[in-house]
Amino acid sequence: MSLSIVIVSWNVRPLLERCLLSIASHLSNTEYRVVVVDNDSTDQTVAMLKTLQRKQLRGLLTIVANTHNAGFATACNQGVATLERFRKGKSSIDPANDYILLLNPDTELHGPAIQTLLGFIEKHQRVGVAGPTLFDQEGKIQRSIRRFPGVVSQAMVMLKLHHFFSRFPAYHNYVAVDLDYKKQQMVEQIQGACFMVRRACWNALEGLDEHFFLWFEEVDFCKRAWQKGWEVHYVPTPGVAHYGGESFSQVWSLAKQRYYHASILWYVAKHKGFFAWFALWLLQPIGILLALVASTLQRPRPTS
């Protein structure tokens, strides 16, 4: 059994360093290799990575330094392809018992969560994707499990209506309010912050769809996994803190809305068809206008 960890980073150097040190601390008895794909950070991330490469993660860390922001899905695929060359010649490795962990740089390991995931997925050969419980900085469970998005729920998100009508059935079902986070169970999708994939499943699906620059790439992967006969499971386990959206919080709101629109429209076009796509496409101008208003209100004023 072997584990390939892929982390995509953009201007979150302190959090990334903390994440990598937690890996070194909590996976010392696990066979793994980690690659960090940096999407052209400007905060000395690569210099920090080179230091860790020489010290705490010597022989275990590979660095890919992009000269532009390639997006999350493309960078993840880059990372997996980079680590693939280390597997060449290891004919004893069975893809059915070889695993890929997509891990956000704003996560930190505090316990045996990854070993628990590995133990679970190794015992259940039809499981293609598995994810653990995520905790916030205060130790509270993050509601990280969703059902597959529908047109109504995403129209509500696009128009910001979910802030006012969070109990509306379509949105209530989408965010899986009824899910018991204390129970291991099959789910439709798991959040990409800590996303373990059996390599045989990854190979069958040919990785993430690079049409997604950001958002919905893991949703699409889970959807395709189910379509191919793989199972997706949530596994309750302590030990993964997720500080949540630190890279993305640096993006201006109007840009966030554009990323969201592009991703949800592509997802709906793939899985819901033309009429569903067209319905959401018609709502774009309103969503962008609302985002523009929000951006204007939150954008820092220049100091004199």
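Let me begin with strand E1 (residues 2–9), which runs parallel to strand E2 and is joined to E2 by 7 bridges; two strands count as paired if DSSP finds at least two bridges between them, and strands (E, at least two residues) and helices (H or I, at least four) are DSSP runs numbered from the N terminus. Please keep in mind that this is a predicted model, in which local features need pLDDT of at least 70 and side-chain atom pairs count only at pLDDT 80 or more, while totals for chains, interfaces and linings use all residues. Residues are numbered from 1 along each chain as its sequence is written, and side-chain values use heavy atoms, with hydrogens and water left out.

Within this pairing, Ser4 has Arg33 of E2 as its bridge partner. Together with helix H1 (residues 13–26), E1 and E2 form a right-handed β-α-β unit, where right-handed says that, with the strands pointing away from the viewer, the path from the first strand over the helix to the second runs clockwise. From E2 the chain then crosses through helix H2 (residues 45–54) to E3, again in a right-handed β-α-β crossover.

E2 is also joined to strand E3 (residues 61–66) by 6 bridges, and these two run parallel, with Val36 standing opposite Ile63 of E3. Because 7 of the 8 residues of E2 (residues 32–39) are buried, this strand is largely enclosed by the rest of the structure; buried means under 20% relative accessible area, exposed over 50%, and partly exposed in between, with a 1.4 Å probe and protein chains only.

Finally, Leu161 lies in the loop between helix H5 (151–158) and helix H6 (169–174), and is partly exposed, at a relative accessible area of 34%.
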